[in-house]
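Welcome to this guided tour. Open your viewer, keep the selection tool handy, and follow along one stop at a time.

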Amino acid sequence: MEEISKEKIELIKQSFEFKHQKKYKEAIEMLYKALEYDSGINDNVELLSQIGDLHILLNNYDRAIDEFQKALSINQSHVYSLQKCYEIYFKTNQLNKALKIAQYMCEINKTSENYYCYIQVLIKLE
């Protein structure tokens, strides 16, 4: 068990090294390999959100949304994944989807940042 954990950590470290070198596809590959080690659901949420981030860096927004949605299927209140989905939908002019996410973010966490997102999309929708 400890050996598996070390291998998973090493894969994650390699992925961050690749990301730092702007080798995003290689970083994604390392994270997918790390996901094969089933050490905990919360770990998977974080790995999936990291994969989503890398897809954003590749301007592959559909794949990024898929990864963030996988994370949200495990933890529907994962703040980071919600924020990233909102940002992608807003940026790609999918305003009704952005609005739904902004509303949900306000429901689960009444912060000024979440209300700003909500107002921002309402203004854009007129």
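**Stop 1: the whole protein.** Show the surface first: the protein exposes about 7,900 Å², and carbon and sulfur atoms supply 52% of that area. Accessible areas here come from the Shrake-Rupley method with a 1.4 Å probe, and for residues only the protein chains shown count as cover. You are looking at a predicted model, where local features need pLDDT of at least 70 and side-chain atom pairs count only at pLDDT 80 or more, while totals for chains, interfaces and linings use all residues. Residues are numbered from 1 along each chain as its sequence is written, and side-chain values use heavy atoms, with hydrogens and water left out.

**Stop 2: the cartoon.** Switch to a cartoon and count: there are seven helices and zero strands. Both are DSSP runs numbered from the N terminus, helices being H or I with at least four residues and strands being E with at least two. Of the 126 residues in the protein, 36% are buried. Buried means under 20% relative accessible area, exposed means over 50%, and partly exposed lies in between (1.4 Å probe, protein chains only).

**Stop 3: Glu67.** Select Glu67 in helix α4, residues 61-74. Is Glu67 buried or exposed? Its relative accessibility is 1%, so Glu67 counts as buried. Now display its contacts (heavy atoms within 4.5 Å). Beyond neighbours within four places in sequence, Glu67 touches Tyr32, Leu48, Ile51, Gly52 and His55.

**Stop 4: helix α7.** Move on to α7, whose 14 residues reach 20 Å from the first C-alpha to the last, close to the 20 Å expected at 1.5 Å a residue. That expected span is 1.5 Å times one less than the number of residues. Which residues of α7 are buried? Select Asn114, Cys117 and Val121. They sit on the same side of α7, because they cover an arc of only 55 degrees around the axis; the arc is that of the directions from the helix axis to the C-beta atoms.

Stop 5: Next, select Ile119, which lies in α7 (residues 112-125). Ile119 counts as partly exposed because its relative accessibility is 46%.

**Last stop: Glu126.** Just after α7, Glu126 takes a positive phi of about 65 degrees.
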